[in-house]
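The following note sets out several points for a colleague who has the sequence and the structure at hand. Each point may be checked against the coordinates in turn.

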Amino acid sequence: MLKKIHVRDIRLGMYVQELCGNWMDHPFWKSSFKLSEPRDLTNLRECGIQEVWIDIDKGLDVKPVAPVATEGVAKVEAVVPPPASEKKRSRPVALHEEIQRAEKLYARAQKTVASIFNESRLGNALATGETVALVDEITLSVTRNSSALLSLTRFKDRDNLSYQHSLAVSILMIALGRQMGLQENVLRSLGVAGLLHDVGKMMIPAEIQNKPGKLNDHERRIMQTHPVRGRELLKQHPDADEIVLDVCLHHHERMDGAGYPEKLAGANISQYARMAAICDAYDDLTSVSSYKKSLEPAVAIRKMSDTQSGHLDPAIFHAFVKAVGIYPAGTLVKLKSGRLAVVTDQSAKSLLAPVVKVFFSTRVNEPIIPELVDLSKVPDEIANVEDPVNWKFDIRVMAGI
């Protein structure tokens, strides 16, 4: 049973389910935890949070109030459902309703991740409250419509690849975790893990990180130290989350033992690290770099499918495909009718029949009036995936993102 109590009433042995207020107002990585350390008790009372939710089935209740003769004894607030405004904020919406909010969030998120990485490069403490606040906003957006933020992760620029990659992996981890039915507190940890999984790269020399081409063997060995360096950096935080630490260290491990840094295999790799391996690989394949072109999302999914039996967890990979779609938002496709269309959303009925916006006829080689079409409800279907470069189309304009 949950109860909301004033911070003055908290005591050791309680299970904190939720911290009320802005995530940036408190120093904790997570909001759900057993209050067992005096240091955490002091931090809670001094950080500015006024109220917390506790779970009395998992920890101590408040001390009973001694009976008095007068009326008006202060009472602990009873558990109530989440406010209607909060439910409304996270209700599913169409892509066009979420995309503008997602664009603003994505722009702010890039700046936040850049700041976090720059601070770590300078040896300063990580802004954990800011990180968790960002993840909470991402989770709300993904809950409303996952295609909005997922579509934005495709459009990266070379100057901010490392920051945008970390943000993309965070979004993908949250979307995958929701598809797998993981609990909210785990989703938050996965989102933070995605943001920070590559933080160790800030310890790698800039000439290796920014080399315009493939790394040689010596440079590759140095680059492959980033998981260990990142974990050591994160461990300096007194409230380091075990999921975040695990993902940071093991996101390059592979099911066949061919990964690094510990060459773990199979069940020795945690579920969360296996999730991160898939999200990290997908975003790497769909991102441009100094030595390779990006793949279209559908092509990347096929490539991963061809190789996942040895490297990636097949069950988690299947869940990943369901989360992002075989044809993710922003994919340019040619329909059997000869029309070109861009995928805007996923259909509830079939991964092979998404919602698309048709805008061009290849039969007459002319634009047509744009129209949203749910391919699960019409006789038309996708014939093949097209490269936008070949058609000289701005996919962001076509998709409305």
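1. Two strands are taken to pair if DSSP finds at least two bridges between them. With that convention in place, the bridge partner of Val 358 in S8 is Glu 371. Lys 357 also has a bridge partner in S8, namely Leu 372. The model is a predicted one, and the points below should be read accordingly.

2. As to overall content, the secondary structure of the protein comprises 16 helices and nine strands. The protein has 401 residues, of which 50% count as buried. Its accessible surface amounts to about 19500 Å², and carbon and sulfur atoms contribute 52% of that surface. Among contacts with a separation of 6 or more, 65% are between residues 24 or more positions apart.

3. In which order do the strands of the five-stranded open sheet lie? The order is S8-S7-S6-S5-S9, and the pairing is antiparallel. Strand S8 (366-374) and strand S9 (382-385) form the edges, each pairing on one side only. On average, neighbouring strands of this sheet are turned by 30° against each other, with direction ignored.

4. Six bridges join S7 to S8, and the two strands run antiparallel. Strand S6 (residues 339-345) likewise pairs with S7 in the antiparallel sense, over six bridges. In that pairing, Val 343 stands opposite Val 356 of S7. Six of the seven residues of S7 are buried, so this strand is largely enclosed by the rest of the structure.

5. The hairpin formed by S7 and S8 has four residues between the strands. Within this hairpin, Asn 365 takes a positive phi near 55°.

6. Which residues of helix H10 (residues 226-235) are buried? They are His 226, Pro 227, Gly 230, Leu 233 and Leu 234. These residues lie on the same side of H10, because they cover an arc of only 125° around the axis. Their cover includes helix H3 (95-121), helix H7 (184-196), helix H9 (217-223) and helix H11 (242-250).

7. A polar atom of the Ser 151 side chain lies 2.7 Å from the backbone oxygen of Ala 148. That distance falls under the limit for a polar contact, which is within 3.5 Å for a pair of N or O atoms.

8. Glu 18 belongs to strand S2 (residues 15-19). Its relative accessibility is 25%, so Glu 18 counts as partly exposed. The C-alpha atoms of Glu 18 and Ser 32 are separated by 5.8 Å, although the two residues are 14 residues apart along the chain.

Conventions:
Residues are numbered from 1 along each chain as its sequence is written. This is a predicted model: local features need pLDDT of at least 70, side-chain atom pairs count only at pLDDT 80 or more; totals for chains, interfaces and linings use all residues. Side-chain values use heavy atoms; hydrogens and water are left out. Axes are lines fitted to C-alpha atoms, for helices over the stretch in contact, and angles run from 0 to 180 degrees between N-to-C directions. Buried means under 20% relative accessible area, exposed over 50%, partly exposed in between (1.4 Å probe, protein chains only). Contact means heavy atoms within 4.5 Å. Accessible areas come from the Shrake-Rupley method with a 1.4 Å probe; for residues, only the protein chains shown count as cover. The arc is that of the directions from the helix axis to the C-beta atoms. A polar contact is a pair of N or O atoms within 3.5 Å; within protein, one must be able to donate a hydrogen and the other to accept it, and residues adjacent in sequence count only if both atoms are side-chain atoms.
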